[in-house]
Amino acid sequence: MTNERRVLVHTDRAALAASVAARFITTTVDLLHEQGEVNVVLAGGSVAIEVLEAVNASAARDTIDWGLVTFWWGDERWVPKAHPDRNERQARTALLDHIQIPEANIHPFAASDEGVDLDTAVESYAALLESASIEGTDLPRFDITFLGVGPDGHVASLFPHQAGIREHSKSVLAVRNSPKPPAERLSLSRPALNSSRCVWMVLAGPDKASALGLALAGASRDEVPVAGIKGRRYTNFFVDREAAAEVPENLTASTF
């Protein structure tokens, strides 16, 4: 079993979103042919949502049998269900509301106005993950996990110097002191993210260059959380030229 990191550089943000969308469609079709079902973990953030919009706009969108795809989330803001900042709402608007997929295949985190507190929401999502788990684990077989990366190197809602990035046993975490608003969030843990067959990190812009460069140079996961994320098979960094500014050339593969 390999564990390879690759940095794939695109000319600009639009090319990045289109390329990742095309790769997602072909990879998902191939995985469905191989194993009959696919589990995808979605990310928040503007670039990740642009990828979903590009999937929706693709002429190849419906080559995927969406009834065999299940969606999960890497993290969520603890806000009401209809809040425009909610990752679930943004993903539905970008893609999920436009495809033929059973609602039972979509697994968002609970929202703050659904009658549960943050700790109960954590417990409920952990139980949901376990109910779909593969033998010997408490997690589903995550095939593709999308992640964004913040300028500080955070992924999902795992932030530098906070306890979440050091968690090693739980699958789902309550975050109460996020340095980015809102302060309360839910997040998959680092072990849960690292259980994924493939992790696809999508990032654009000059403000991401330092975090990416530090992660690939061997920074500690406590300082730069993205440094601690690795898929079981592959970890792909899909970036634009600006985000790749501090990545050694020997680690990059150009797509232009």
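The axes of helix H2 (residues 46–57) and helix H3 (residues 87–94) come within 8 Å and cross at roughly 25 degrees. Axes are lines fitted to C-alpha atoms, for helices over the stretch in contact, with angles from 0 to 180 degrees between N-to-C directions. Helices (H or I, at least four residues) and strands (E, at least two) are DSSP runs, numbered from the N terminus.

The model is predicted: local features need pLDDT of at least 70 and side-chain atom pairs pLDDT 80 or more, while totals for chains, interfaces and linings use all residues. Residues are numbered from 1 along each chain as its sequence is written, and side-chain values use heavy atoms, without hydrogens and water.

H2 passes H3 in a right-handed crossing, meaning that the near helix is turned clockwise from the far one by less than a right angle (anticlockwise is left-handed). H2 contributes Ile49, Leu52, Glu53 and Asn56 to the contact, and H3 contributes Gln90, Ala91 and Ala94. Contact means heavy atoms within 4.5 Å. Four of these residues are nonpolar, two polar and one charged. Here Ala, Val, Leu, Ile, Met, Phe, Trp, Tyr, Cys and Pro count as nonpolar, Asp, Glu, Lys and Arg as charged, and the others, Gly among them, as polar.

Strand S8 (residues 198–203) is largely enclosed by the rest of the structure, because six of its six residues are buried. Buried means under 20% relative accessible area, exposed over 50%, and partly exposed in between (1.4 Å probe, protein chains only). In a regular strand the side chains alternate between the two faces of the sheet. One side of S8 carries Cys198, Trp200 and Val202, the other Val199, Met201 and Leu203, and both are covered.

S8 pairs with strand S5 (residues 144–147) in the parallel sense over four bridges; pairing requires at least two DSSP bridges. Isoleucine 144 has cysteine 198 as its bridge partner in S8. Strand S9 (residues 234–240) also runs parallel to S8, joined by six bridges. There, methionine 201 stands opposite phenylalanine 237.

Helix H6 (residues 209–216) is mostly covered, with six of its eight residues buried. Among them are Leu212 and Leu216. The buried residues of H6 pack against strand S1 (4–10), S8 and S9. Glycine 218 follows H6 and has a positive phi, near 100 degrees. Leucine 216 lies 8.7 Å from proline 248, C-alpha to C-alpha, across 32 residues of sequence. Proline 248 sits in the loop between S9 and strand S10 (252–254). Its relative accessibility is 39%, so proline 248 counts as partly exposed.
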